[in-house]
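Please look through the sequence and the model before reading on.

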Amino acid sequence: MKFTFFHKRKGANNRNERAGWFLRVWNKVKECYHKYLSFKGVQSLEKPWFIIWLVLILYLLGLIGTSVSVYSFKVNSPGIRFFLKIFPIPAVIIDSQAVPVDEVFERMEYIQNFNAVSQQEMPGETELREQVIGQLVDDYFYRIGAIDAGVMVTSSDVEAVYQEKIVKENGGEEAVKNAVESLYGMTIGDLKRLIRAQLIKEKVASDGLEQVDLKMIVVADEATGKKVIEEINGGKSFEDAAREYSRDEKSKGQGGAVGWVARGQLDDSVFVEKLFTLPIGELVKEPINSQFGYTVVRVDAKKGQIKKTIDDWMDDLQKTTRVWRLLK
């Protein structure tokens, strides 16, 4: 019993000693920790620039790392996509505007998803990147054209196209949502942004370019053309003269109405230039020898501010706009 008791007493003493040692160490650690906190707190209050510089250095390192990964190694991974949200580096700089790399990768992902689901041939990474960057640069130029021509695309315009052209024709909103997610990996918000870009292009072409509302009567020869002009000036309606004399079957039944004609829609450049110099509502004094034959024309209305074809306008924009391609 003494032996057992002796060992219990000795073990208890050892435990007490160890507990005391541990408590002293723990108290020392806590003391140091509180001193550290107190020191750091005083330091941060006295020198707040230290934290600012630390944040700036970390941001700069992240920016450099992301830029090197994208520009030098062309890395397009989920990790890089995450960092691109924090460091929105540009793929292209157009004058003072930037096309973000993240937007390029996003468009590429849409196409890659669609090609994978539909089992179409997948373009190479470089080719696809060039294609997407070209599309985004064109989108920017069309936005410039829309501003210059006073053309606006509102949220109501986008919503109308979405509801009337997409939702109604594709089985409802839920079906559209499922389709764009499964085919492209995009959301409805992404889809509406693409709709807006397309609408801007269409409105620039339909409302931004200079156009004339044309009526014409195509006749067999110059003498007949002069006769038609005399009859219209004498009181005969243009529509009746077109139905009687015109050789253009398409416009004849509509009283000579052709509709809106823009530069570039007709191959005869001389004829087109004459159309755009005619006063509104006035009949030509002499028949015009055009690609259609001898033609009696009247311009009923004009619209648009861009006095070029869409291709010439785009070429001029590209020549006069500074474009820096950073992602190649």
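D190 is buried, with a relative accessible area of 11%, where buried means under 20% relative accessible area with a 1.4 Å probe and protein chains only. This residue has its place in helix 8, and the side chain of D190 reaches the backbone nitrogen of T187 at 3.0 Å. Leaving aside neighbours within four places in sequence, D190 is in contact (heavy atoms within 4.5 Å) with E106 and Y110.

The model is a predicted one, in which local features need pLDDT of at least 70 and side-chain atom pairs count only at pLDDT 80 or more, while totals for chains, interfaces and linings use all residues. Residues are numbered from 1 along each chain as its sequence is written, and side-chain values use heavy atoms, with hydrogens and water left out.

The protein has 13 helices and seven strands, which are DSSP runs of at least four residues (H or I) and at least two (E), numbered from the N terminus. Buried residues make up 31% of its 328 residues.

Two nonpolar cores, sets of buried Ala, Val, Leu, Ile, Met, Phe, Trp, Tyr and Cys residues joined through side-chain atoms within 4.5 Å, are set out here.

| Core | Size | Residues named |
|---|---|---|
| Largest | 45 residues | V104, F105 and L191, with the most contacts inside it |
| Second, separate | 26 residues | including L214, I229, V261 and V296 |

Beyond its neighbours within four places in sequence, V104 is in contact with A91, V99, R129, V132, I133, L136 and L327.

Key
Buried means under 20% relative accessible area, exposed over 50%, partly exposed in between (1.4 Å probe, protein chains only). A polar contact is a pair of N or O atoms within 3.5 Å; within protein, one must be able to donate a hydrogen and the other to accept it, and residues adjacent in sequence count only if both atoms are side-chain atoms.
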